[in-house]
Amino acid sequence: MNALDLLLLTSLGTVLFSVVFSASLTGRMLLTMLYAVQTVILFQIDAGTEMVSSFGFEIFNHALGLSFNGLSWFFALITLGSAFFAAWYGLNQQQKLLHVGLSANVFSMLVLLSAGDFLSLFIAWELVSWSGVLLMVLGKQESLVATLKYITYAIAGGMAVFAGIILIYSWTGSLAFNAVTENPLSLSQYGTLAILLIGGFSVKMALLPFHLWQAEAYALTSGPASVFLGAISARMGLFAIVITMMHVVDLKTLDSIFLIPELFTFRDFLIWVAALSIILPTYTALRQNDARLLLAWHGIGQGGYMMLGLLMYDQMGSAGGLLHVFNYASCQAILFMSVFSILHRTGTTNLNQLGGLVARMPLSFLAMLVGIIGLAGLPPMNGFVSKWLVYRSLLSDGMAIVFLASVIGTLGTILSVYKLMHNSFLGQLRVEHEHVKEAPWSMTVPMMLLAIIIFITGVMPGISLELVANAQSAIGLTPVDYHLGGVVSANSAISGDLDMIWVVLVLFSGFGIAAILFLSAGKSRRVHQLDNYAGGHFLNANNQYQYSDNFYAGLMHIIKPWYRYSFKWFEGAVVSFVNLAAVFSRSFFNQAHMLIWMLVVVTTVMAVAII
Amino acid sequence: MHIGLGELLIELTLMPLVAFIVGMLMVLMMRRVGARLQRRVGPPFFQPLYDIIKLHSKETQISHGLIHDIGIIMAVGGYIAAETLLPVPGMNGIAEKGGLITLLYVMMIPSLGLALGVGQCANPNGSIGISRALTAMLAYDIPFVIVMAGVAFIYGTTNLVEVINIQQEGGIAAWGAVQMPFMALAGLFALQGMLGKQPFEVYVAPAEIATGPMVEMGGKYLGGLFVMQCFQLYTASVLYVTLFLGGGENWLFLLLKAFAVLLIPISIAFLFPRFKTDDLVRLMWKWPVLLGLIGLVLINYR
Amino acid sequence: MKEFPVPVQTAEDPSVKKQSGNIFSNVFDELVRFAQSRSLFMLHYCTGCGAIELPPAMTSRFDMERLGIQPMVTPRQADILLITGYVSVKTLKRVILTYEQMNAPKYVIGICSCTVNGGMYWQSYATAKKLNDYMPVDLYIAGCMPRPEAVISGLRQLMEKIKIGEANSWQDYFKRYDYYLGNQQRLFGETWQTPTDIIGESKHYSLHTPETEGEHTRLLELHQRPLEPLEMRLGLSEKTEDR
């Protein structure tokens with residue numbers, strides 16, 4: 001029994017444990033510890049080499065195996081980390097389904113990450129899809145609706161994947177990962193597989209145009225579930241897409257499938273899908289007035305960066321894409337935690353009904369500040385490093401327009417995260433929130449730990465880049481040339497290095513000098529928020545003196561018409577098509593069933609007899 | 001290109017200091033030019049310094065809370081750090097460890113700090129100002145990013161030290177403004193937006209939203225913003241000179257070029273009224289973006 | 001009607017030592033006063049007449065910016081509160097709020113005769129007559145209306161006073177708050193209050209004297225909700241409460 005077996009067994013044990021013991025606080029504490037134990041076991045696995053599990057069985061003469069490599073290791077670490085923090089954050093949540101769902105998700109994800117062939121990949125994929133449902137139904141009525149939508153999308157995606165895998169089997173006669181690489185197919189076959197597999201997996205990843213389900217499904221459920229789902233769940237789609245690109249259609253093949261002859265390849269198409277997946281959801285997030293939905297929409301948008309980085313498939317781009325999975329997971333987790341601690345204390349996440357909470361919930365504010373700097377990709381937090389890598393790679397490849405698209409996404413992120421923070425923590429404290437308290441320790445401690453992780457991996461990206469380098473060599477790329485403070489890019493088309501340690505050092509000495517200047521100029525006198533300029537008006541506690549609704553009025557005036565019904569029409573068209581098909585088949589069975597069936601049976605029997 | 005730690009430390013101290021002094025001169029020039037255009041005399045030579053000293057020596061320093069203080073520290077400190085990423089004659093600071101993209105992002109930190117500080121002031125005028133400032137940033141950064149991509153393609157690097165070297169070795173013919181005139185023009189638009197001067201002064205708008213972000217700032221808080229303005233003028237104009245006008249062969253040329261570049265937006269500023277926010281966005285996404293895209297096409301088919 | 005004592009203008013009280021936590025103002029006293037005199041941000045409150053004389057003073061004919069005087073927008077930014085023309089009772093409330101929100105050292109300039117003694121509105125029921133009953137005034141520029149030359153020369157006098165360190169009448173508002181508040185209450189009624197905390201501020205500057213508080217401030221305390229700054233607090237609760 002090796003470390004991988006132990007990991008999978010512990011994970012399975014955690015599921016059983018959560019079924020029995022998650023009702024008590026001690027049980028939940030132990031459950032949190034169990035995720036830590038799994039992480040420790042994970043560290044026993046050498047990320048640099050491939051480890052094969054001793055579990056495995058045969059089905060139709062096909063050996064199903066489980067194995068772990070650097071890529072799986074990287075994703076597994078993020079999964080376990082997210083689960084650990086989510087479980088800690090949810091110590092006070094008594095819903096049993098939450099804890100069972102969390103452990104079931106972790107287990108199924110680990111199985112998916114260690115899938116060794118297409119069949120086990122598909123089985124684990126379905127497991128992941130269905131265990132996700134457990135975490136999505138924990139909210140109010142609206143979460144059920146969202147979950148139903150998710151199930152519809154997930155089934156469609158699963159079917160596409162299934163069809164792709166069957167095609168692989170029928171064309172190559174094997175389900176092993178090396179089936180396609182050993183039996184080269186024709187370009188049209190590659191194209192079909194790419195559409196089915198990448199299309200199917202991108203439903204989970206919520207790439208355009210399959211993104212409509214995700215925001216509600218992830219945001220409207222219970223807090224810890226949102227933290228986990230938002231941080232890592234959708235990235236399983238990315239993992240599966242990487243597997244597809246590694247074993248079925250590599251990027252070179254994708255680049256030789258022309259959608260418009262001599263002009264536009266399948267890879268270009270995917271790059272544009274990724275770029276649009278950055279822009280459109282980000283600007284949808286800008287319109288949201290519910291903090292949870294705002295974050296969830298950003299989750300979809302950030303997925304585009306990862307996809308974009310991987311599609312570059314060079315040293316820097318893929319490193320950026322993979323690193324962004326880690327960085328984004330930490331930032332999204334801390335942001336969801338902060339927002340749900342507001343919900344826990346004030347009972348609302350409506351951004352138009354909050355404000356000024358920094359005076360009452362300073363730790364949650366700090367968490368959100370770290371999170372938004374990271375999510376927006378500004379130094380000194382970790383989000384900056386991964387976005388920098390993606391940008392550099394786009395510039396080196398000469399993709400100016402896609403580069404522009406990704407920067408537009410970042411700017412949109414900055415705008416909407418400032419709105420998020422301003423409307424909840426800054427501005428005027430409302431009368432009804434005068435006596436709000438900071439979230440309990442069980443919520444603030446994981447937030448602070450995550451904040452430290454985000455900062456440390458921002459200053460010393462070498463720590464996380466090491467994991468990324470392992471993952472890169474596992475998928476057959478040259479690992480990125482990293483050191484503790486950043487990256488060296490001697491051999492790319494456009495040169496330019498990054499050393500975060502220096503940047504951050506100088507940044508903080510800048511802050512230090514500014515602080516000395518600031519503090520030397522005398523002591524400040526704190527005043528009450530109502531002692532404020534209002535053009536001579538006398539403010540009192542009943543004045544709502546806060547600007548939050550329609551926050552970017554000038555911008556919205558222009559861009560509102562642009563995305564009013566974006567992609568709703570697509571979903572609507574699919575729904576009406578399915579409806580139509582359902583009506584036809586129902587009327588077929590309702591009205592003519594006896595005669596038709598008899599006819600069918602008779603014809604078949606006669607046909608068989610004649611033959 | 002290996003220098004001792006002590007020398008580096010001296011550079012890191014000198015670069016922001018010089019930036020601050022030059023920035024004050026730039027503020028002075030801006031006010032003098034404005035005065036001359038309005039047929040006035042304008043302020044005395046040391047006026048920017050008097051203002052900053054006076055604001056820092058006020059007896060009352062009204063604060064709305066810790067974040068208000070931290071915001072101002074971030075706003076000034078972020079620019080102090082940004083100056084060390086911007087190479088000037090004889091001093092490279094840590095420009096080689098960051099590059100153009102890092103500089104662009106470090107320059108967003110002061111704005112973020114200011115936005116934080118203003119947010120805590122609990123004044124809707126300030127919040128409106130910030131929402132407009134961020135909208136303006138979205139507007140002018142799009143042409144600016146196109147310009148940045150063009151610069152990276154044409155010089156083959158995002159390292160500003162190399163950008164300067166390539167231009168200075170090739171003489172005037174290698175200058176960005178000669179190599180890519182459309183980009184240089186688009187860059188001027190972006191510069192005007194970046195400085196937040198009329199006609200793009202949407203977020204200060206004294207008569208409309210009571211100076212927006214500065215509404216609750218007094219004493220050293222306002223003083224910090226005055227310091228920030230010095231840095232902002234310096235950074236924007238020197239960055240433009242670095243990208244398009246070959247940087248500075250020596251300090252004299254650098255300053256000449258930087259002041260000449262700055263003269264363009266501030267002369268325009270005092271001749272125009274203010275746009276509405278949505279008009280600003282519309283204009284920025286139309287003409288400079290068009291110019292930038294033409295420039296990109298020209299670079300690709302060069 | 002109650003009698004109010006006529007204020008006695010006392011010289012600088014030597015017993016109250018000027019305390020300031022400000023390194024700049026301690027070390028570079030001279031320089032700071034010079035800079036303060038050469039950089040004056042002006043908030044003009046021109047709801048009465050007389051505002052028409054300010055544009056010439058600011059623009060190309062006389063150009064205040066030569067002296068470092070600039071118009072500003074909000075009370076927080078301003079050093080000078082410039083009040084032109086008559087002040088109606090309703091306006092005066094806003095003027096007082098604006099004055100209280102300004103950052104010290106702050107100076108008040110009353111322009112036109114109406115601010116001095118009510119001027120031609122002396123008999124009006126709706127105007128406040130003497131501005132210095134309600135707030136300490138540094139400088140009056142009399143005339144109906146004073147020409148821009150007079151405004152400029154007045155401002156130069158103020159600059160001179162600041163330079164030699166005599167423009168300290170803002171301290172008087174904190175030292176004798178009760179007196180000013182009394183006058184304000186007489187005009188606006190007993191429920192008069194502003195959303196500012198003058199007594200707290202006087203303690204902050206160590207300008208709290210026996211005359212700061214008195215019967216009028218006690219009247220104020222009866223109905224004023226204390227406006228203490230919102231302190232950042234963790235307010236962590238016991239775990240039992242959250243479960």
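User: How many residue pairs are in polar contact between chain C and chain B?
Analyst: The count is 20 residue pairs, with both residues at pLDDT 80 or more. A polar contact is a pair of N or O atoms within 3.5 Å; within protein, one must be able to donate a hydrogen and the other to accept it, and residues adjacent in sequence count only if both atoms are side-chain atoms. Helix H2 (residues 29-38) of chain C gives the most to the side of chain C that touches chain B, namely six residues. Helices (H or I, at least four residues) and strands (E, at least two) are DSSP runs, numbered from the N terminus.

User: What should I know about the model and its numbering?
Analyst: This is a predicted model, in which local features need pLDDT of at least 70 and side-chain atom pairs count only at pLDDT 80 or more, while totals for chains, interfaces and linings use all residues. Residues are numbered from 1 along each chain as its sequence is written, chains are lettered from A and ligands numbered from 1 in the order in which they are written, and side-chain values use heavy atoms, with hydrogens and water left out.

User: Back to chain C and chain B: how many salt bridges are there?
Analyst: There are six salt bridges between chain C and chain B. A salt bridge is a side-chain nitrogen of Lys or Arg within 4 Å of a carboxyl oxygen of Asp or Glu. Lys54(B) and Asp79(C), for instance, meet through their side chains in a salt bridge, at 2.4 Å from N to O.

User: What area do chain C and chain B bury between them?
Analyst: They bury about 2,900 Å², with 56% of it on carbon and sulfur atoms. Glu65(C), Arg76(C) and Gln77(C) supply 20% of the area that chain C buries against chain B, more than any other three residues. Buried area is the accessible area (1.4 Å probe) that two parts lose on being put together, summed over both. In residue terms, 34 residues of chain C are in contact with 36 residues of chain B, where contact means heavy atoms within 4.5 Å.

User: And chain B with chain A, how many residues are in contact there?
Analyst: On that interface, 74 residues of chain B are in contact with 72 residues of chain A. The buried area is about 6,200 Å², and carbon and sulfur atoms give 76% of it.

User: Which side chains meet in a salt bridge there?
Analyst: The rule finds one salt bridge across the interface of chain B and chain A. Arg526(A) and Asp69(B) meet in a salt bridge, at 3.5 Å from N to O. Between chain B and chain A there are also 19 residue pairs in polar contact, both residues being at pLDDT 80 or more. The largest share of the side of chain B that touches chain A comes from helix H7 (residues 124-155) of chain B, with 18 residues.

User: New topic. Into which domains is chain C divided?
Analyst: Chain C is divided into domain 1 (29-166) and domain 2 (168-225), with bounds that come from an automatic or database domain assignment. Their C-alpha centres lie 22 Å apart. Between them, the two domains bury about 1,700 Å², 62% of which comes from carbon and sulfur atoms. Glu100(C), Tyr134(C) and Pro136(C) lose the most area in domain 1 of chain C to domain 2 of chain C, together 33% of what that side buries.

User: What about polar contacts between those two domains of chain C?
Analyst: The rule finds seven residue pairs in polar contact, both at pLDDT 80 or more, whereas the count of salt bridges is zero.

User: How do the two domains of chain A sit, and what do they bury?
Analyst: Domain 1 (1-249) and domain 2 (562-610) of chain A have C-alpha centres 33 Å apart. They bury about 490 Å² between them, with 71% of it on carbon and sulfur atoms. Lys149(A), Pro209(A) and Leu212(A) supply 66% of the area that domain 1 of chain A buries against domain 2 of chain A, more than any other three residues.

User: Last one: is helix H8 of chain C mostly covered or uncovered?
Analyst: H8(C) is mostly covered, with 10 of its 12 residues buried. Buried means under 20% relative accessible area, exposed over 50%, and partly exposed in between (1.4 Å probe, protein chains only). What covers the buried residues of H8(C) includes helix H4 (89-101) and helix H10 (215-223) of chain C.
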